[in-house]
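The sequence and structure come first, and the notes follow by topic.

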Amino acid sequence: MHFITLYHPSQVTLFSAKMAATASKPSFPSYQSLQFASSSSKQIFTFTKFPNYPSSSSHTLRITSSLPNSNTNPKLPPPNASAAATTSPSVLGDNFVSRFAPNEPRKGADILVEALERQGVTDVFAYPGGASMEIHQALTRSSAIRNVLPRHEQGGVFAAEGYARSSGLPGVCIATSGPGATNLVSGLADALLDSVPLVAITGQVPRRMIGTDAFQETPIVEVTRSITKHAYLVLDVDDIPRIVNEAFFLATSGRPGPVLIDVPKDIQQQLAVPNWDQPIMLNAYMSRLPKAPNDSSLEQIVRLLLESKKPVLYVGGGSLNSSEELRRFVELTGVPVASTLMGLGSYPVGGENSLQMLGMHGTVYANYAVDKSDLLLAFGVRFDDRVTGKLEAFASRAKIVHIDIDSAEIGKNKLPHVSVCGDLKLALRGINRILESRGVNDKLDFRAWREELNEQKLKFPLSFKTFGEDLIPPQYAIQLLDELTNGDAIISTGVGQHQMWAAQFYKYKRPRQWLTSGGLGAMGFGLPAAIGAAVANPGAVVVDIDGDGSFIMNVQELATIRVENLPIKILLLNNQHLGMVVQWEDRFYKSNRAHTYLGDPSKENEIFPNMLHFADACGIPAARVTKKQDLREAIQKMLDTPGPYLLDVIVPHQEHVLPMIPANGSFQDVITEGDGRTKY
């Protein structure tokens, strides 16, 4: 057995290339736990597998990452304790019934599909091709897995992301070799940057043809090495059960992320009897998972809080699985909460202590709070440049506490005074326990600080100007949507101005309600992500708030929505421009238009392209609204219409997303006035 270890910041990627005989082996009984064998110590680590979950809006997922303290024969604890694996209240175990007899040989593709079934997978997003045909044939033989057929592989991987982001469960996408595999690249990079659990499976040319520049051959493991948490090339059919188990464990443990499995076609066709009890081999990765937070560090955080006069919470995507604990912490302390783009919903946006979003397009009062604070509680964040701006000016008066599951993020951009590398859920539970045991309510009085921030809220509220009586402000459209859905819809977006307005003006109540491409900023994300969310949450109201530039990048997924009859509503804010780039042109390039107009220059008075025709071609009801007084009725009709619906809302391109802190700026540089009608 040969192993090549590939290092990526904070993660260890193991490329396992095992060349061995493929003689059939006797089958072992199904099992409830997966074993990890340590070759050096012969210890066995046990972790629980995924349950056989149905597609449901009530999905819950517990992602933890702490290993027990014991050094002899350690075993990962049950779901209610610290664990390195993703756990759930129930497991497949002996309840799984294979469609094959125990010792019956079956194709590698059937082994792969059954391995997915044993992980509890019920939905995949797979587009077929020559090198993945065997997998698709095997999927037709599965009664447990539904394939939602995208119309482009990028649509498939973004849909898998939407599934994972909205449910907390790992999304699964499948593509063929060559261009099919490379079409997954943007989605894999997006999932890595935003910490989304994803398993991507690709077909590959037969083993004997690898490296010969065969038809539709790309070395996808090498292509995706730096944008996945882990990448496998399967070279032995007998490795499939272990590799799939490892892939799901890696995707969901520690800091979640994407894992790729590349399966040559001859492996898919080869007959074998699988051994489902193979131990996983992830020694290096397991040794790097953080331990449970120690009480001394948590006590130190509580001491800093007791000494503070102006504390503020800065919470990000790493807090989505700790929403209950975060709310309890705020209830106990009264500390105001500012959220990153990725963290929206971890604490209710409309809550009394909410400052909404901070950063480049965050509220004035959120950025004011960070600038004036004496204690910054950075929970599940990475001090991204779109949040911090000029690093040395960010929270320059504050002591910084940083809790994150990824050790590579601690001190990477901003050096903390106190740091905890571990599971935020466990850390918050420990902090809350200390606060409750000490009865600190009467010792924490931040009323003067909250009053100061409330003054800023009154002075600088989120607002927008009108463009005449008839024209529709895009922010108003989102406000109406929030009102008419009671803030309960699952919202996906593309990337650009509409994305920022959706972050500012929709009042998210809970985690996993807000789906957007944050770190990568991938246009075309919104529509396919809504597909994944609708599949994972049947019965939920799912709305894609999109811009015309982003929407058209994956417009072909309207066909998937229609065929699957997914009740997705599309609120299209159509300004005929690449709005965010236009805003920067207005502010920093004297309004010189450099290929940012998306309409037909010869017919500037017409809407081009006609988005209603795209919808009509796919049999989806659609309407256009151009006047503000007609908007409420139009949105209500969209929501009331059964099945999918597209509402084309024509908005002025001169509008700007405000507030705005220019790139590498500080709070003192914040812009609160102006739009495209002003010369700069």
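Six strands form an open sheet in the order S7-S6-S8-S9-S11-S10, with parallel pairing. Strand S7 (146–147) and strand S10 (230–233) lie at the edges with a single partner strand each, so one side of each has no neighbour in the sheet. Two strands count as paired if DSSP finds at least two bridges between them. Helices (H or I, at least four residues) and strands (E, at least two) are DSSP runs, numbered from the N terminus.

The model is predicted: local features need pLDDT of at least 70, side-chain atom pairs count only at pLDDT 80 or more, and totals for chains, interfaces and linings use all residues. Residues are numbered from 1 along each chain as its sequence is written, and side-chain values use heavy atoms, with hydrogens and water left out.

**Whole chain**

- The chain holds 23 helices and 24 strands.
- Of its 680 residues, 61% are buried (under 20% relative accessible area; exposed is over 50% and partly exposed in between, with a 1.4 Å probe and protein chains only).
- Among contacts (heavy atoms within 4.5 Å) with a separation of 6 or more, 74% are between residues 24 or more positions apart.
- The accessible surface is about 25,700 Å², and carbon and sulfur atoms account for 52% of it; areas come from the Shrake-Rupley method with a 1.4 Å probe, and for residues only the protein chains shown count as cover.

- Strand S6 (residues 123–126) pairs with strand S8 (residues 171–175) in the parallel sense over two bridges.
- Phe125 has Cys173 in S8 as its bridge partner.
- Helix H7 (residues 240–252) lies across S8, strand S9 (198–204), S10 and strand S11 (258–264), at about 160° to S11.
- Axes for such angles are lines fitted to C-alpha atoms, for helices over the stretch in contact, and angles run from 0 to 180 degrees between N-to-C directions.

**Strand S19 and its partners**

- From strand S19 (residues 490–493), Ile490 and Ser492 point one way, Ile491 and Thr493 point the other way, and all are buried.
- S19 runs parallel to strand S21 (residues 542–547) and is joined to it by four bridges; Ser492 stands opposite Asp544 in S21.
- S19 also runs parallel to strand S20 (residues 514–515), with two bridges; the bridge partner of Ile491 in S20 is Trp514.

**Cavities**

- The whole structure has two cavities of 30 Å³ or more. A cavity is a set of points, on a 1 Å grid over the protein atoms alone, where a 1.4 Å probe fits but cannot get out; lining residues have an atom within 4 Å of a point.
- The second largest cavity holds about 40 Å³ of space; grid points are joined across faces, edges and corners, and a volume is the space filled by probe spheres set on the points.
- Its lining consists of Val337, Ala338, Ser339, Tyr347, Pro348, Val349, Ser354 and Gln356.
- Strand S14 (337–339) and strand S15 (354–357) each supply at least two residues of that lining, and S14 gives the most, with three.

**Individual residues**

- Thr641 sits in the loop between helix H23 (631–640) and strand S24 (645–650).
- Thr641 is buried because its relative accessible area is 18%.
- Apart from neighbours within four places in sequence, Thr641 is in contact with Lys569 and Pro621.
- Asp295 belongs to helix H10 (residues 295–307) and counts as partly exposed, at 42% relative accessibility.
- Asp295 and Ala427 are 132 residues apart along the chain, and their C-alpha atoms are separated by 8.9 Å.

Key. 1 Å grid on protein atoms, 1.4 Å probe; cavity = no way out; pocket = protein on both sides within 12 Å on 5 of 7 lines; lining within 4 Å.
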